[in-house]
Protein chains: 2
Amino acid sequence: MAEEQDPEGRAAARPLLTDLYQATMALGYWRAGRAQDQAEFELFFRQCPFGGAFALAAGLRDCVRFLRAFRLRDADLQFLASALPPDTDPAFFEHLRALDCSGVTVRALPEGSLAFPGVPLLQVSGPLLVVQLLETPLLCLVSYASLIATNAARLRLIAGPDKRLLEMGLRRAQGPDGGLTASTYSYLGGFDASSNVLAGQLRGVPVAGTLAHSFVTSFSGSEVPPDPMLAPAAGQGSQVDLAASVETWLERVCGHLGLGVQEPHRGERAAFVAYALAFPRAFQGLLDTYSVRRSGLPNFLAVALALQELGYQAVGVRLDSGDLLQQAREIRGVFRTAAAQFGVPWLQSVPIAVSNNIDEEELARLAQKGSEVNVIGIGTSVVTCPRQPSLGCVYKVGRSKVQLAQHPQGCLPAPGSVPSPRPLTLFLLAEEPPPQAGRELRVWPRGARESRTVRPAHVEPLLRLWVQQGQLCEPLPSLAESRAFAQQSLHRLSPAHRRLEQPALYQVALSEKLQALVDRLSARGAL
Amino acid sequence: MAEEQDPEGRAAARPLLTDLYQATMALGYWRAGRAQDQAEFELFFRQCPFGGAFALAAGLRDCVRFLRAFRLRDADLQFLASALPPDTDPAFFEHLRALDCSGVTVRALPEGSLAFPGVPLLQVSGPLLVVQLLETPLLCLVSYASLIATNAARLRLIAGPDKRLLEMGLRRAQGPDGGLTASTYSYLGGFDASSNVLAGQLRGVPVAGTLAHSFVTSFSGSEVPPDPMLAPAAGQGSQVDLAASVETWLERVCGHLGLGVQEPHRGERAAFVAYALAFPRAFQGLLDTYSVRRSGLPNFLAVALALQELGYQAVGVRLDSGDLLQQAREIRGVFRTAAAQFGVPWLQSVPIAVSNNIDEEELARLAQKGSEVNVIGIGTSVVTCPRQPSLGCVYKVGRSKVQLAQHPQGCLPAPGSVPSPRPLTLFLLAEEPPPQAGRELRVWPRGARESRTVRPAHVEPLLRLWVQQGQLCEPLPSLAESRAFAQQSLHRLSPAHRRLEQPALYQVALSEKLQALVDRLSARGAL
């Protein structure tokens, strides 16, 4: 994939987005005649993030994009020459100039797979020099993507399937691309949409957003809209002065709510009218700039009812401060009475969106039974992962010399099998045949002193071959497909493993042959 | 600045790196005829990060680069059209197509300035529609940069001026550009160098790095280097077989250390020899792959002494595990005896570099009096700011309607003035003349019920005009200049404010006229 054909250009990772020691080691390998030695590295984490029992694998699409575009340009080589000793053999730079990933093979967990400690998210093999150079960018691309996807999955599990979750953390992200990565992979992990327009443009993430307090406060109410006229939704009939119609409705709404017509803020109403003129089919009111009950709510109702007369239906309200759960309940109550009073049934189910520093705990409160909240916007606590801001993946040389290439096989025990039908991940030797469904086998749970038997109901290899000798073997799933796969993966996880606090640990086991090899190597002091 | 002339291309922020609601509000303003209304926004934070009493302002260079390149391309407009209602007036998109920042003026704290709660880091004025669109990208560019610079400054204060601090967190960063931003602004905040090659290429950050455990473990010792010969440093004299010379030196070193010559790991030694052949003038040994005392240290000494015979001087050793302080002490002891034993004085002062999950607490331990550690590499805890992963800046409409444009003036009271010679930041009305050095004035400390007098020894305006109507007014300082300015700023901060835990709060005050205006507005219920 030429850079020019990549819509992201060089926006994300480039070959020099790496640690200098990868380049110095490259020179070391090259000088030792080992640049073309075959090597295999495995990328994995040692502990699940956030105290949970699972992670979601993510970032593969960025890795594949990076690998396929991997070329050192003249400017890159010039910079490397300036950072390496002046007497470095020019033939080394010629080697680098010719370098690409055409010798690199990648096996990986599909994006959205469950991942567990020690299970490789990526196995990267190829010439030693190039797979070493890839270490830092691959770690950078996989770790944060997987962390965000996992964080988003936890939030989705807390929210339940019905709440609409909106990621809106770009302004809090750790750098521009931190924002783009966060928006992409929080969608993969289970969010519904993002506020980040670039994530929509470049990654196809659904985008959402309406208006902020600054829009509301920028109107004093003395502005004269150049054109306050609005045509009916159906296109038939004459235009109406929306601002004037809203004033008429305001009197009726205030009467219903027992408020004086002077109480609702004029500037806020002017802002709502301006927004409604621009978005008659997608009007949302931000209710809490002044007072929700005395201003935001009556102004919203007046505009929504004026639009309704023209055949338009408001799409929602938003709250960004205070006790969100309690206010949502009160607002829903007002919507119900107003729907009855004005004969507008859809008004009772206008979606209520909330935001304001929502973390796992507050989300659980907002998602409780009986909550009237429909849409939840989360910023800082999804994008920066404050409970654990890095996943801490490592990239280690595979032990190819001792044939310890561990190809994990997912292995789901049959219901009723001993001791429990919980799924496990099984590591086999590369040359071993995979277990067969229905056939009993003996495995060694990691860390246990005794083996046990399992009779898998279903066996699937976890790692798939995505890139062979630089060629993509099959198209990567779309982001939306990976998102659906992530939800399936989570659904198959038992409640004990899915639990977010003090979960049961997911079982990882070695095959008998692999355990025997490990024992022999340990006895020889080789492990 | 055309994008094509920008060496970073579109690598960092682009106009669509924004929240969708900025675009929907833009349409709202445009529809209301207010696109060209003049507006002023201020970007500031409300609380200092990490429990400290200061922050360092940073990110201005990224903001200026972003503003000057700000243009919506056809693809951007097409995407926006797809995200906005299908019946949106095409004239709106023509307005956007013509949009740039030629009407935008930016005042800001110079990068590396001290920043305090409520003091604007940026004041952005210009047409309402465009300054609203800038909100999210400016927040994204300033918040994380300032957070990282502040975090790095704290780590520098803990380390003291003499330790060399190396940022090496790219693999732990929140996305590729999170890594680039972290490397750039940790340097600004006081680090000496970064492992991130791209930060060197694009930002001029000094880069550093040598070798990792994977390099060491990739050698078994049975490899035959294609060319083990090394010429003397001076260029005169015949080449020497370095590998053979190292074996000779190993016997002497093991004799000195009381070790058997079979104890040091062959593969590790082969790796050191390979590295030394590639970097004879910059040989560093990574000591802890196998055993520091029985393998890493004797192998390092053998290679360093073989190089020394040819006139080369090793540049250091590195440790990445265990009790770093204690091991550094032991290693320094061995260096001292070996320096005497082999008559090589420089050996006793070979720099010792350490790394491994170093946080503020461990850094304080490593920087204590008598520590033999010279170079400290920090990754996760500098780049992800785990204590507080976001600064939480806001971007608020300036209250231009009530002439409350607050132009802060730095104001350093004269020594001996009442009640203390601590510096303070003073907010004045835009039309007020600045205070004069030596002239007493009455100020209202924020939150206090009484005024006090100060007689400033020195007064300086804090915000500077950087961009006027889209034109850069003066060249931005280089990154190294901003780094030096940051160190000056920190040096001028009193120890009570500089303290990292439970510091004295920096004083912010209002001028008498501004306080009177605030009181009048409060009385009218307008604040």
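Among contacts in chain A between residues at least 6 apart in sequence, what percentage join residues at least 24 apart? The share is 75%, where contact means heavy atoms within 4.5 Å.

## Basis of the model

This is a predicted model, in which local features need pLDDT of at least 70, side-chain atom pairs count only at pLDDT 80 or more, and totals for chains, interfaces and linings use all residues. Residues are numbered from 1 along each chain as its sequence is written, chains are lettered from A and ligands numbered from 1 in the order in which they are written, and side-chain values use heavy atoms, with hydrogens and water left out.

## Two copies

The same surface serves both: 100% of the contact residues of chain B recur in chain A.

## Chain A as a whole

Chain A holds 18 helices and 22 strands. These are DSSP runs, numbered from the N terminus: helices are H or I with at least four residues, strands E with at least two. The C-alpha trace of chain A spans about 90 × 65 × 40 Å along its principal axes.

Chain A has 527 residues, and 61% of them count as buried. Buried means under 20% relative accessible area, exposed means over 50%, and partly exposed lies in between (1.4 Å probe, protein chains only). The accessible surface of chain A comes to about 20100 Å². Carbon and sulfur atoms account for 50% of that surface. Areas come from the Shrake-Rupley method with a 1.4 Å probe; for residues, only the protein chains shown count as cover.

Chain A carries 50 positive and 48 negative charges, and their mean positions are 7 Å apart. Lys and Arg count as positive, Asp and Glu as negative; His and the chain ends are not counted. Each charge is placed at NZ of Lys, CZ of Arg, CG of Asp or CD of Glu.

## Cysteines

How many disulfides are there over all chains? The count is zero, with a disulfide taken as a pair of cysteine sulfur atoms within 2.5 Å.

Two cysteines illustrate the spacing. For A:C101, the closest cysteine sulfur is in A:C63, 11 Å away and too far for a bond. A:C101 is buried, at 7% relative accessibility. For A:C393, the closest cysteine sulfur is also in A:C63. That separation is 10 Å, again too far for a bond. A:C393 is buried, at 1% relative accessibility.

## Residues that touch the other chain

A:G178 sits in helix α7 (residues 176–189) of chain A. Is A:G178 buried or exposed? A:G178 counts as buried, at 0% relative accessibility. Leaving out residues up to four places away in sequence, A:G178 touches A:Y144 and A:A173, and also B:Q174, B:G175 and B:G178. A:G178 and A:V383 are 205 residues apart along the chain, yet their C-alpha atoms are separated by 8.0 Å.

A:E223 lies in the loop between α9 (213–217) and β8 (229–230) of chain A. At 22% relative accessibility, A:E223 counts as partly exposed. Beyond its neighbours within four places in sequence, A:E223 is in contact with A:S218, A:A270 and B:R34. A:E223 and A:A35 are 188 residues apart in sequence and 70 Å apart in space, C-alpha to C-alpha.

## A buried arginine in chain B

B:R269 belongs to helix α11 (residues 266–278) of chain B. With 5% relative accessibility, B:R269 counts as buried. Setting aside residues up to four places away in sequence, B:R269 touches B:V246, B:E247, B:L250, B:P264 and B:N299. B:G296 is 27 residues from B:R269 in sequence, and 8.2 Å from it in space, C-alpha to C-alpha.

## Positive phi in loops

A:N357 is not a glycine, but its phi is positive, near 50°. A:N357 lies in the loop between β12 (352–354) and α14 (360–366) of chain A. A:N357 is exposed, at 67% relative accessibility.

A:Q502 has a positive phi of about 45°, and it too is not a glycine. Its loop runs between α17 (495–498) and β22 (507–511) of chain A. A:Q502 is exposed, with a relative accessible area of 72%.
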